[in-house]
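Dear colleague,

Please find below the structure I would like to hand over to you. I would be grateful if you could read the notes that follow alongside it.

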Amino acid sequence: MSQNPMPGGSGDMDEEALKRLLKETFGDALPEGALDGLDLGAIAAQANLPQDPAQLRAAAAQMQQMFMGSGEGPVNWTMAEDLARRAAVGSLQIPGAPGAPAPTGSPGDPDPTPAQVQELREAAQVARLWLDPVLAIDVPAAELAVFSRGTWLHRTLPRWRSLVEPVAAYMAGAIGEAIAAQTAQMGEAELPGGADPAGMMERVGGTLFAVQYGQAIGTLAREAMGTTDLSLPLGRDGEPALVAANVADLVGENSLDAPAARIFLAAREIAHTALFAAAPWLGKALFSAIDDYARGITLDLDALDEAVRELDLSDPESLQSRRPEDLFVFTRRAAQERALEELATTLALIEAWVDHVTSRALEGKLPQLDALREVLRRRRASGSPAEQMLASTVGIELRPRRVREALSWWESVLATEGVEGREAKWAHPDLLPGSEVLSGTPQAPRPAPEGAGDGSEAVELPTDFDAELEKLLREEEGGTDASGDGR
């Protein structure tokens, strides 16, 4: 066995030992012979590998954990769900800069008490009664579900997967393509032994995405009042739901009137659920906009190279805290920016419509209505670290100014077209305004005054339109006009 000690004092380690550790770390991702002919000493120096055997084993164990169980797909969902559950009970923080905020709210994940379930369901009954007269769509009849944080997580995870996987898939593909292109430029299609550097980087990306999304979704489980807080249909179709512990936290932290807050939050959740049920295309359009945003993602190779050089494999804790945005910087194209604008506009229209209809339903009936609306506006404006992460990676963002503009638009629609006309705007996406309309204080289209038309109102269609059309076509085929003179 060749002995090539790597310098480093008393903790010197030969290359054969390093090779064994690397094979143990990467397992099947490192084919037989992949390390043959490589200068492991130089690689170790460039990667900041520790020279102390104990530290090296700790780093190897950390890397091995990252690669184990990555499974299929762009996100390691086994790891993501585990991290999400831990974050939901407050035992895990979002990684990042030192001083990241500690978990908010009451500790743990308490089950809803019978009293909480009864209070929230009674509030939902009142909210339904007050919403029904101001809506021209059906109010969902399903009983309000009352969740723990863990139940919220379990019920929303299927939707989260379909939301974030398109973005993660395109990002992983961009990573693989960029690394493959860089390798080809260096004149090496692959590493010795058949190792695929692009595939290895995709696996790293899948693990890092799992850390990022898992912790963010778990943190949202501690913050969300219901399943529609982000104006996305995250819960089961037609089922409004509230998280009892989070509702209690919101009331306590803001010194709110508890019965009023419960009715207010139930009304918002029910209004969201009613809208998504009345416009089935809406949820699909939101998911499609996220997919459109993800298409065409490209990776900044210079930023990746710099980030990799800064990795310190001698510090396992720092590895665990690395986020995808620390390593992978993606660029947006014009088409992606347009998709983000479309997504932000649709989310703002949904949020503003819910604010609009619930305010009309509760005005004059509910104490502290203005204070309750202001609490939600402040939460939306500040945004939690989890919400900021989702805005930067997936594009899910409720922009306060856009929401205000959309609210003005809905009020103007009600003033000019009434309740039926307002709800009719959700019949098709082409009936809703685009981002160019929601600026300043927009006005909804107003019906033309009687007698002020362009003359089209005087045109009468034949009673039997199909018969007249068929007659016209026959005349065209015969080459004659209505007078029969052939001109």
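Predicted model: local features only at pLDDT ≥ 70, side-chain atom pairs only at ≥ 80, totals over all residues.

Helix α9 with α14

Helix α9 covers residues 258–278, and α14 covers 334–362. The two pack with their axes 9 Å apart, at an angle of about 130 degrees. The crossing in which α9 passes α14 is right-handed. On the α9 side, the contact is made by Ile263, Phe264, Ala267, Arg268, Ala271, His272, Leu275 and Phe276. On the α14 side, the residues are Ile350, Glu351, Trp353, Val354, Asp355, Val357, Thr358 and Leu362. By class, this contact comprises 11 nonpolar, two polar and three charged residues.

Helix α9 with α15

Helix α15 spans residues 369–382, and its axis and that of α9 come within 10 Å, crossing at roughly 60 degrees. That angle makes α9 oblique to α15. Here too the handedness can be stated: α9 passes α15 in a right-handed crossing. From α9, the residues Ala260, Ala261, Phe264 and Arg268 meet Leu369, Leu372, Arg373 and Leu376 of α15. Six nonpolar and two charged residues form this contact, with no polar ones.

Helix α9 with α8

Helix α8 consists of residues 244–253, and its axis comes within 10 Å of the α9 axis, with a crossing angle of roughly 130 degrees. The two helices are therefore oblique to each other, and their crossing is right-handed. Val247, Leu250 and Val251 of α8 make the contact with Ala258, Ala261, Arg262 and Leu265 of α9. The residues of this contact divide into six nonpolar, no polar and one charged.

The cavity

How many cavities of 30 Å³ or more does the structure hold? There is one, and the largest cavity contains about 40 Å³ of space. Its lining is formed by Arg268, Glu351, Asp355, Arg373, Leu376, Arg377 and Arg380. Helices α14 and α15 each supply at least two of the lining residues. The largest share, four residues, comes from α15. By class, the lining has one nonpolar residue, no polar residues and six charged residues.

Yours sincerely

Methods
Residues numbered from 1 in each chain as written. Heavy atoms only, no water. Axes fitted to C-alpha atoms, helices over the stretch in contact; angles between N-to-C directions. Parallel < 35°, antiparallel > 145°, perpendicular 65-115°, else oblique. Left-handed = near helix turned anticlockwise from the far one by under 90°. Contact = heavy atoms within 4.5 Å. Nonpolar A, V, L, I, M, F, W, Y, C, P; charged D, E, K, R; others polar. 1 Å grid on protein atoms, 1.4 Å probe; cavity = no way out; pocket = protein on both sides within 12 Å on 5 of 7 lines; lining within 4 Å. Points joined across faces, edges and corners; volume = space filled by probe spheres on them.
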